[in-house]
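Q: Could you take me through this structure feature by feature, giving the general idea before the particular case?

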Amino acid sequence: MEGQSLVRLDQTQDDQIILCPTCNTHIALFQDFQSHHRLENGSEGCIFNNVVNVRTDDDPDKRRKTSPFTIADIMCNKCDDILGCKFIDTGGDKAVSAGTFFLFISKLCMWECVETKSVRDKQVESA
Ligand SMILES: [Zn+2]
């Protein structure tokens with residue numbers, strides 16, 4: 001991914017940044033968090049209006065169905081880790097809007113989160 005510029009989000013006191021768990025790239029602001037959701041296949045995640053530094057797999061052949069949704073994988077721009085998916089078609093489900101992003105809870109890593117202290121410590125070291 002050389003030459004690709006990554007967006008750095010500004011962290012304020014009441015605004016936590018969600019990071020890629022693999023490479024710590026900034027992914028989303030907690031203020032864009034919409035709701036908590038569980039897909040038909042059991043994947044749990046958080047829905048966000050807006051994410052940065054990710055790309056959507058736009059190939060229509062790679063879109064998947066998880067009833068009632070049609071989704072496409074989203075990947076970290078830096079490390080290619082699959083972080084969640086984008087809702088392409090909500091199949092009429094009112095809880096979710098098309099074009100919003102679903103980030104897997106198991107992949108999320110929040111800047112000021114106690115559970116991810118080890119990650120945070122690593123960041124401090126490299127700062
Ligand atoms: Zn990453």
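A: Let us start with burial, for which a cut-off is needed: a residue is buried if 20 or more other C-beta atoms lie within 10 Å of its own, and exposed if 12 or fewer do. The model is a predicted one, and of the 127 residues in its protein chain, 22% count as buried.

Q: Which secondary-structure elements does the protein chain have, and what pattern do they follow along the sequence?
A: The protein chain has ten strands and one helix, and, read along the sequence, the pattern is β-β-β-β-β-β-β-β-β-β-α. Of the contacts with a separation of 6 or more, 46% are accounted for by residues 24 or more positions apart.

Q: How many residues does the largest nonpolar core have, and which have the most contacts inside it?
A: A nonpolar core is a set of buried nonpolar residues joined through C-beta atoms within 7 Å. Here the largest such core has 22 residues, and those with the most contacts inside it are Ile-27, Ala-28, Leu-83 and Leu-103. The elements that give two or more residues to this core are strands E1 (17–19), E2 (26–29), E4 (44–48), E7 (69–76), E8 (82–89) and E9 (101–104), and the largest share, four residues, comes from E7.

Q: Which residues is Leu-83 in contact with, leaving aside its neighbours within four places in sequence?
A: With those neighbours left aside, the contacts of Leu-83 include Cys-20, Ile-27, Val-54 and Ile-74, and also Leu-103, Phe-104 and Lys-107.

Q: What is the order of the strands in the open sheet of three strands?
A: In general, strands of a sheet pair through backbone hydrogen bonds, either parallel or antiparallel. In this open sheet the order is E2-E1-E10, and the pairing is antiparallel. Because E2 and strand E10 (109–110) stand at the edges with a single partner strand each, one side of each is left without a neighbour in the sheet. E1 and E10 pair over two bridges in the antiparallel sense, and Ile-18 has Met-110 in E10 as its bridge partner.

Q: Where is Leu-9 found, and how does its count of C-beta neighbours classify it?
A: Leu-9 is found in the segment before E1, and it counts as partly exposed because it has 17 C-beta neighbours inside 10 Å. Although Leu-9 and Ile-27 are 18 residues apart in sequence, they are 8.3 Å apart in space, C-alpha to C-alpha. Leaving aside neighbours within four places in sequence, Leu-9 is in contact with Ile-17, His-26, Leu-29 and Val-52.

Methods: Residues numbered from 1 in each chain as written. Predicted model: local features only at pLDDT ≥ 70, side-chain atom pairs only at ≥ 80, totals over all residues. Contact = placed C-beta atoms within 7 Å. Pairing = 2+ DSSP bridges.
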